[in-house]
Amino acid sequence: LRPGAGLRPDSLCQFRHRGGDGRAKSRPGFHRPALGDLGTDKELLGRALALRQIGDVRFNQGSLEAALAAFLESRKMTSKLLASKVEDDEVLFEHSQAEFWVGYVAWKRKDLEGASRALHAYHAASVELAGRNPAPRYKRELVYSVGNLGALARERGQLAVALTHFEEAVTRGRELLLSTPDDASLQYDISEGLSFKGSTLLEMGELKQGEAALQEAFDTVAHLHGKKIDTRYSASYGDIATVLGDIQAHQGNTAVALNTYQSGASVFGDLVAEDADNAAWHEGYYRSFFVLGELELHTGDLDKAESQLDIATSGFTSLLDRDPSNFELRDRLALSEAYQAQVLVRRGELPAALLQADLARQRVAALIDQDKVTAGNVRRIVRVLDLFGAVAAVNGQAEKAGNAWQSALSLLGTTGDGTILDKALQARLLYQLGDRDVALKHHRELQKMGFQDPRYLVAGLQN
């Protein structure tokens with residue numbers, strides 16, 4: 001689920017940076033020589049490595065164009081070397097790393113075709129490398145590369161293909177662990193593979209199997225977190241707690257889900273206290289409070305829900321002030337605001353609820369206008385529109401409610417062929433728009449899957 005350079009995807013099936021090995025410092029004015037100027041093969045390989053490391057630095061600085069230029073040049077150098085040193089494992093390894101980075105930049109730029117070409121090339125090189133050299137270092141690359149293919153397939157909605165890749169990544173990781181059973185980093189890699197396997201099974205509607213995979217991942221990172229040897233294990237504990245809590249809530253186990261969410265919030269709270277400047281940990285912390293608040297709202301504890309949603313909203317606002325270009329923070333903030341509006345509805349403060357819900361609607365409308373709807377945030381945007389429609393309806397504004405629900409449905413489609421959450425949202429929206437027969441069909445399919453999450457289901461359909 002990462003290359004030797006140190007990247008892996010996160011729980012929303014995006015890649016995220018995790019740090020890595022031997023990174024170069026930025027060198028202003030670095031001269032990129034022509035291939036003919038480089039001298040020996042050893043010097044050429046050294047230059048390729050240096051370029052990849054410089055690209056890494058540029059990437060971390062947010063300069064994707066400069067990073068890509070360095071990665072492409074590194075790939076060109078290793079391609080030239082491979083022509084004359086076909087059997088050199090280190091040359092092939094370095095070439096595979098350049099391929100990964102080229103694919104990762106394409107991923108970040110939403111170029112899935114470009115990402116696919118490079119990530120498949122990275123995987124092919126990893127297969128060849130692991131096949132001819134049994135060193136664990138090379139075999140581990142295969143774990144990462146096949147996991148990346150799973151992330152790519154999942155982004156494209158190819159869930160069955162993604163599941164196969166994640167299962168292979170877990171299997172290969174476990175095979176490596178047999179020779180080094182105390183390798184904490186490898187245990188962590190396996191837990192990540194299990195987490196993605198569980199999340200994919202969730203989307204496919206296999207809730208029991210998904211929960212089993214997520215529980216195993218959670219137990220693994222809980223053990224690593226307890227050792228206090230690496231904060232990334234603790235952050236992963238918090239991340240997986242949120243996904244595991246989701247799948248528990250989807251099956252109607254609300255009290256269990258709340259406890260799981262709370263455990264994640266506690267861990268992120270400790271991390272934030274340790275490093276107040278780590279934005280990713282802060283975001284995890286506020287995400288934990290959001291899921292607690294939205295679920296508490298459905299238990300009827302308005303005071304708890306209000307307090308937790310207030311923490312989430314103020315936290316997302318502060319993060320967005322620091323990083324205004326982060327559009328995913330905008331939709332998270334909007335959803336938290338939309339749930340705050342639901343609290344106001346429950347308290348009978350309907351005009352205030354409408355103002356709050358409309359603020360949330362305006363945020364996601366701007367994202368739609370700016371073409372910022374992605375596979376990662378479309379459901380949050382749909383939920384904001386759904387919640388705005390509900391508040392508009394109780395305020396007597398039926399036309400605004402219908403327009404919001406219709407816009408949400410258009411973003412999702414109507415066939416119910418997507419994930420289990422897509423089907424749940426479609427059933428909800430269709431019911432509210434008056435198409436009760438199709439909504440009931442979707443609802444019955446959800447019942448067969450064991451889906452009982454009160455955040456998604458409509459009371460009218462349950463009755």
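This is a predicted model: local features need pLDDT of at least 70, side-chain atom pairs count only at pLDDT 80 or more; totals for chains, interfaces and linings use all residues.

Student: Which residue meets the side chain of E90 in a salt bridge?
Tutor: Side chains of opposite charge can pair when their charged atoms come close. For E90 the N to O distance in the salt bridge is 2.7 Å, and the pair ties together parts that are 47 residues apart in sequence, because E90 lies in helix α3 while its partner lies in helix α5 (residues 136-155).

Student: Is D89 buried or exposed, and which residue does its side chain meet in a salt bridge?
Tutor: D89 has 18% relative accessibility, and buried means under 20%, so D89 counts as buried. The salt bridge of D89 has an N to O distance of 2.8 Å, and it links distant parts of the chain, from helix α3 (residues 89-108) to helix α4 (residues 112-132), 43 residues apart. The partner counts as partly exposed at 26% relative accessibility, and that partner is R132.

Student: How many residues apart are E283 and R287?
Tutor: The side chains of E283 and R287 meet in a salt bridge with an N to O distance of 3.7 Å. E283 counts as buried at 17% relative accessibility, and R287 counts as buried at 16%. Both lie in helix α11 (residues 279-299), where the spacing is about one turn of the helix, that is, four residues.

Student: How many salt bridges does the count come to, and which residues are linked in a network of them?
Tutor: The cut-off behind the count places a side-chain nitrogen of Lys or Arg within 4 Å of a carboxyl oxygen of Asp or Glu. By this rule the count comes to 31 salt bridges. The residues linked in a network are D246, E294, R383, D453 and R455.

Student: How many aromatic pairs are found, and what is the angle between the planes of F59 and W101?
Tutor: A search of the whole structure finds 16 aromatic pairs. One of them joins F59 and W101, edge-to-face and 5.5 Å centre to centre, with 75° between the planes. This pair links distant parts of the chain, F59 in helix α1 (residues 41-60) and W101 in helix α3, 42 residues apart. Both residues are buried, and the angle asked for is 75°.

Student: What is the centre-to-centre distance of the pair formed by F451 and Y456?
Tutor: F451 and Y456 are both buried. Their rings form an edge-to-face pair with 70° between the planes, and the distance centre to centre is 5.9 Å.

Student: Which residue lies over the face of Y431?
Tutor: A charge can also sit over a ring in this model, as the charged end of R361 does over the ring of F388, 5.5 Å from its centre. Over the face of Y431, at 4.1 Å from the ring centre, lies R436.

Student: Where is N377 found, and which residue has its backbone oxygen 2.9 Å from a polar atom of the N377 side chain?
Tutor: N377 is found in the loop between α14 (350-369) and α15 (378-394), and at 0% relative accessibility it counts as buried. Not counting residues up to four places away in sequence, N377 touches F327, D331 and K372. The backbone oxygen that lies 2.9 Å from a polar atom of its side chain belongs to K372.

Methods
Residues are numbered from 1 along each chain as its sequence is written. Side-chain values use heavy atoms; hydrogens and water are left out. Helices (H or I, at least four residues) and strands (E, at least two) are DSSP runs, numbered from the N terminus. Buried means under 20% relative accessible area, exposed over 50%, partly exposed in between (1.4 Å probe, protein chains only). Rings of Phe, Tyr and Trp (its six-membered ring) pair if their centres lie within 6.5 Å; planes under 30 degrees apart count as stacked, over 60 as edge-to-face and the rest as tilted. A charge sits over a ring if NZ of Lys or CZ of Arg is within 6 Å of the ring centre and within 35 degrees of the ring normal. A polar contact is a pair of N or O atoms within 3.5 Å; within protein, one must be able to donate a hydrogen and the other to accept it, and residues adjacent in sequence count only if both atoms are side-chain atoms. Contact means heavy atoms within 4.5 Å.
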